[in-house]
Amino acid sequence: MKVNPEISIIIPYHKKKKFFIKTLNSILNQTYKKYEIIIVYDDYDNDELIYLKKLLSNVSNTKLIVNKKTIGPGLSR
């Protein structure tokens, strides 16, 4: 029997509050379920960080990494 490997979905986050729910719902609605979601918070706005933490508190298999300073999407990945 073939076992599907777990995958990591890495999402750099910078000023994406407007689009993030759509992104998250797209992932959660997939049929393949052996994944983890890693969000790398690359922003200085604490309001968006608070929003993101509240949103992710209800979602399993997520990790939130907060960069100490803004480094861009490439390095965040």
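Contact here means heavy atoms within 4.5 Å. The legends below describe a predicted model.

**Figure 1. Overall arrangement of the chain in the predicted model.** The chain contains 3 helices and 3 strands, which follow one another in the pattern β-α-β-α-β-α along the sequence. The C-alpha trace spans about 45 × 25 × 20 Å along its principal axes. Of the 77 residues, 30% count as buried. Among contacts between residues at least 6 apart in sequence, 78% join residues at least 24 apart.

**Figure 2. Pairing of strand 1 with strand 2.** The two strands run parallel and are joined by 7 bridges. Within this pairing, Ile9 stands opposite Ile37 of strand 2. Between strand 1 and strand 2 the chain passes through helix 1, forming a β-α-β crossover that is right-handed.

Figure 3. An α-helix has 3.6 residues a turn, so residues three or four places apart point the same way. At the start of helix 2, the backbone nitrogen of Asp47 has a side-chain oxygen of Asp45 within 2.9 Å.

**Figure 4. The largest nonpolar core and the surroundings of Leu52.** This core has 13 residues, and those with the most contacts inside it are Phe20, Ile37, Ile39 and Leu52. At least two residues of the core are supplied by each of strand 1, helix 1, strand 2 and helix 2. Strand 2 provides the largest share, 4 residues. In soluble globular proteins, nonpolar side chains tend to be buried together. Which residues are in contact with Leu52, leaving aside its neighbours within four places in sequence? They are Tyr13, Phe20, Ile39, Tyr41 and Leu64.

**Figure 5. Asn67 in the loop between strand 3 and helix 3.** Is Asn67 buried or exposed? Asn67 is buried because its relative accessible area is 18%, and the cut-off for a buried residue is under 20%. The side chain of Asn67 makes a polar contact of 3.0 Å with the side chain of Asp42. A further polar contact, of 3.1 Å, joins the side chain of Asn67 to that of Ser76. Not counting residues up to four places away in sequence, Asn67 touches Val40, Tyr41, Asp42 and Ser76.

**Figure 6. Ile71 in the loop between strand 3 and helix 3.** Helix 3 spans residues 73-76. Ile71 is partly exposed, with a relative accessible area of 34%. Leaving aside its neighbours within four places in sequence, Ile71 is in contact with Asp42 and Ser76. Ile71 and Asp43 are 28 residues apart in sequence, and their C-alpha atoms are 8.8 Å apart in space.

Key:
Residues numbered from 1 in each chain as written. Predicted model: local features only at pLDDT ≥ 70, side-chain atom pairs only at ≥ 80, totals over all residues. Heavy atoms only, no water. Polar contact = N/O pair within 3.5 Å; in protein donor to acceptor, adjacent residues only side chain to side chain. Core = buried A, V, L, I, M, F, W, Y, C linked by side-chain atoms within 4.5 Å. Buried < 20%, exposed > 50% of the residue type's maximum accessible area, 1.4 Å probe, protein only. Pairing = 2+ DSSP bridges. Right-handed = clockwise from strand over helix to strand, strands pointing away.
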